[in-house]
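Here's a quick look at a ligand site and a bit of surface, written with modelling work in mind. Have the coordinates open as you read.

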Amino acid sequence: MKITIENLSMVYPNGKTALDQISCTLESPNLIGLLGPNGAGKSTLMKLLTAALVPTSGRILVDGEPLLKHEQQLKQQLGYLPQAFGLYDELTIWQFLDYMAALKQINQPAKAIEQVIRDTNLNAKRKSRISSLSGGERQRVGIAQAMLDDPQFLILDEPTVGLDPKERLDFRNLFSKKAQDRLVLLSTHIIDDVQSVCNQLIVIDHGRILFIGTPAQLIASARGHVALFNDQPVSDKIHITARINTAEGIQCRGVAENMPADSMLVEPTLEDAYMYLIQYKGA
Ligand code: ADP
């Protein structure tokens, strides 16, 4: 599957420009991380990709065909976890997934439901009412419905919100496994979520693409712009990313466009590189 995004813009009726002429290509198999601060336009892009919104201008092609012309066909191949996901509290997990399977017109619903219940580790809770679930369990039900019938294109808007560290790790591995032979687009502002599993990153801010490439390329772009300081740096042109209390006093880590000549430069982490990009290359 190949998704081509061409000069896509979205201006909401209140005049807010959420996306400003973005272009990129998403091609399977791939696990693509969509990163950006709150309000960057990530959810808007995802809604446009599911045809839940119609763009103000530009277009999306799916394998060369306009998305809006083949909306119904694409929806059969699509799994979507929106950010604000309403669950039906009075239903059990099984009943809810059965309802979602009916909406998606899945041929063998019981088989599909069993599979996602296993994948999301919800077997012990299958007969529990959704109202009785914890935040993390509810999120897992949201992921389960997105994965019903093993869609070719999975769009997950902040899927790890509310999950504990072990659950986050399990899901990262599951998404990575799924992406071996399909397209998974995952939005997050948690760098850890994309660090180990995504082979492509798209960073957006203020509705524009700031970076497309591999995590290694993003890290490379910040070399020479990250340093450690054995005190609070005096220059206000250095953006502090960490302040660590050590036995010897405070040690700071910072990013800057131009580091002072005597700075103790260090190899950037993905988080440093992301901060550098947003801070110095953004709008
Ligand atoms: P993100 O998912 O990166 O946090 P969004 O796509 O939700 O960003 O939002 C991008 C921008 O569009 C924000 O400024 C947000 O306030 C605005 N926005 C989102 N939805 C609407 C809407 N329905 N009407 C007006 N503005 C919106």
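A residue is called buried under 20% relative accessible area, exposed over 50%, and partly exposed in between. Keep in mind that this is a predicted model.

With those cut-offs, Tyr-88 sits at 39% relative accessibility, so it counts as partly exposed. You'll find Tyr-88 in the loop that runs between β6 (78-81) and α3 (93-103). Together with Tyr-99 and Leu-103, Tyr-88 makes up a nonpolar surface patch, and the three share about 300 Å² of accessible area.

Now for the ligand. Its surroundings include Tyr-12, Asn-14, Lys-16 and Ala-18, along with a run of residues such as Pro-37, Asn-38, Gly-39, Ala-40, Gly-41, Lys-42, Ser-43 and Thr-44. Sorted by class, that shell has 6 polar, 4 nonpolar and 2 charged residues. Helix α1 (residues 42-49) supplies the largest share of the shell, with 3 residues.

| Residue | Protein atom | Distance to a ligand oxygen |
|---|---|---|
| Ala-40 | backbone N or O | 3.1 Å |
| Lys-42 | side-chain N or O | 2.9 Å |
| Thr-44 | side-chain N or O | 2.6 Å |

How much of the ligand does the protein bury? On its own, the ligand exposes 560 Å², and the protein buries 67% of that.

Terms used: Residues numbered from 1 in each chain as written. Predicted model: local features only at pLDDT ≥ 70, side-chain atom pairs only at ≥ 80, totals over all residues. Heavy atoms only, no water. Patch = residues over 30% accessible without salt bridge, like charges linked within 9 Å, V, L, I, M, F, W, Y side chains within 5 Å. Areas by Shrake-Rupley, 256 points an atom, 1.4 Å probe, with all protein chains shown as cover. Salt bridge = Lys/Arg side-chain N within 4 Å of Asp/Glu carboxyl O. Helix = DSSP H or I, 4+ residues; strand = E, 2+ residues; numbered from the N terminus. Buried < 20%, exposed > 50% of the residue type's maximum accessible area, 1.4 Å probe, protein only. Near = heavy atom within 4 Å. Polar contact = N/O pair within 3.5 Å; in protein donor to acceptor, adjacent residues only side chain to side chain. Nonpolar A, V, L, I, M, F, W, Y, C, P; charged D, E, K, R; others polar.
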